[in-house]
Amino acid sequence: MLFLWLYMFYSCAGSCAGLAARGSPAPPRAAPPLPPLLPGEPGEESSLEEQRAASDAGSPISSFFNGSGTKRLPQAIIIGVKKGGTRALLEFLRVHPDVRAVGAEPHFFDRNYERGLAWYRDLMPKTLEGQITMEKTPSYFVTKEAPARISSMSKGTKLIVVVRDPVTRAISDYTQTLSKKPDIPTFESLTFKNRTTGLIDTSWSAIQIGIYAKHLENWLLYFPIGQILFVSGERLISDPAGELGRVQDFLGLKRIITDKHFYFNKTKGFPCLKKAEGSSKPHCLGKTKGRTHPDIDQEVVQRLRDFYRPFNMKFYQMTGQDFGWD
């Protein structure tokens with residue numbers, strides 16, 4: 001049917017050209033009006049070339065020969081937190097046929113904002129109608145400028161935050177740094193401004209990131225709480241299908257990712273996919289995930305738990321969820 005349609009198209013084109021040659025010259029046709037900005041991208045000005053490219057990309061013939069789909073700004077972003085389980089969540093979500101996501105972290109709203117929305121959009125994968133474009137950059141959650149910048153892009157952007165026991169998260173953060181810089185000071189010495197007085201050093205990023213309530217206050221200046229989903233990093237390990245069910249509901253997706261997609265890897269200590277996106281083989285996160293944590297002085301761990309407790313309680317109240325970290 002397709003080849004028949006193409007044959008008729010080119011036959012008509014040839015005969016019309018012949019008629020024009022035998023008769024008076026056809027008057028020049030006015031150029032079609034340029035299309036409006038793509039939906040969901042308020043405030044973005046595109047060049048003449050970009051708009052024409054968008055017009056070409058939308059034609060049936062170019063879609064057939066060049067591959068269908070359009071690059072769109074993300075409708076959902078995993079904004080945090082570092083060492084909370086964001087990579088696992090993204091890899092799990094990419095199994096869904098209606099989710100298209102960037103693999104690498106774009107760091108647009110914290111490090112590359114001056115490059116502009118056109119640069120950011122070009123990083124995105126092509127999507128079809130009904131599919132969701134996503135990205136994840138965990139440092140957005142603690143970046144002061146990120147909420148206003150994302151709101152400026154689109155006030156309707158759905159936000160996902162993967163949170164984890166802040167003490168465990170801090171130790172995991174330190175473990176990652178230790179693997180790259182073996183000569184750094186001990187966790188215990190970095191935790192305190194003064195070990196004798198027990199004053200916690202909140203300027204150390206490993207500690208500062210875990211004060212979730214403080215960071216969330218900044219986001220609530222620009223987004224309603226109902227537009228932010230809080231995923232438990234602990235439940236993402238113990239019940240991945242349950243947490244993915246909540247995420248799929250939040251994104252308005254059919255619950256396709258279920259228990260059948262996961263198996264528990266006892267060696268790594270976390271769930272893996274039976275089949276990854278675009279593969280028929282099982283897939284676990286890389287060797288940089290699930291590192292063995294160093295032994296930390298239990299007195300220091302308890303001091304940190306006492307430090308985080310009031311912030312955790314406030315975070316539970318703000319989100320309406322008890323994550324059970326105490």
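Two strands are taken to pair if DSSP finds at least two bridges between them, and helices (H or I, at least four residues) and strands (E, at least two) are DSSP runs numbered from the N terminus. The model is predicted, so that local features need pLDDT of at least 70 and side-chain atom pairs count only at pLDDT 80 or more, while totals for chains, interfaces and linings use all residues. Residues are numbered from 1 along each chain as its sequence is written, and side-chain values use heavy atoms, with hydrogens and water left out.

An open sheet is formed by five strands in the order 3-5-2-6-9, with parallel pairing. Strand 3 (99-101) and strand 9 (228-232) each have a single partner strand, so one side of each edge strand is left without a neighbour in the sheet. From one strand to the next the twist averages 25 degrees, where axes are lines fitted to C-alpha atoms, for helices over the stretch in contact, and angles run from 0 to 180 degrees between N-to-C directions. Strand 3 is joined to the parallel strand 5 (residues 132-136) by three bridges, and valine 99 stands opposite isoleucine 132 of strand 5. Helix 12 (residues 240-250) packs on the sheet, touching strand 6 (158-163) and strand 9, and its direction makes about 170 degrees with that of strand 9; contact here means heavy atoms within 4.5 Å.

The structure also holds one disulfide, defined as a pair of cysteine sulfur atoms within 2.5 Å. Cysteine 272 is joined to cysteine 284, S to S 1.8 Å, and the link is right-handed, with 105 degrees about the S-S bond. Cysteine 272 counts as buried at 1% relative accessibility, and cysteine 284 is buried with a relative accessible area of 19%, where buried means under 20% relative accessible area, exposed over 50%, and partly exposed in between (1.4 Å probe, protein chains only).
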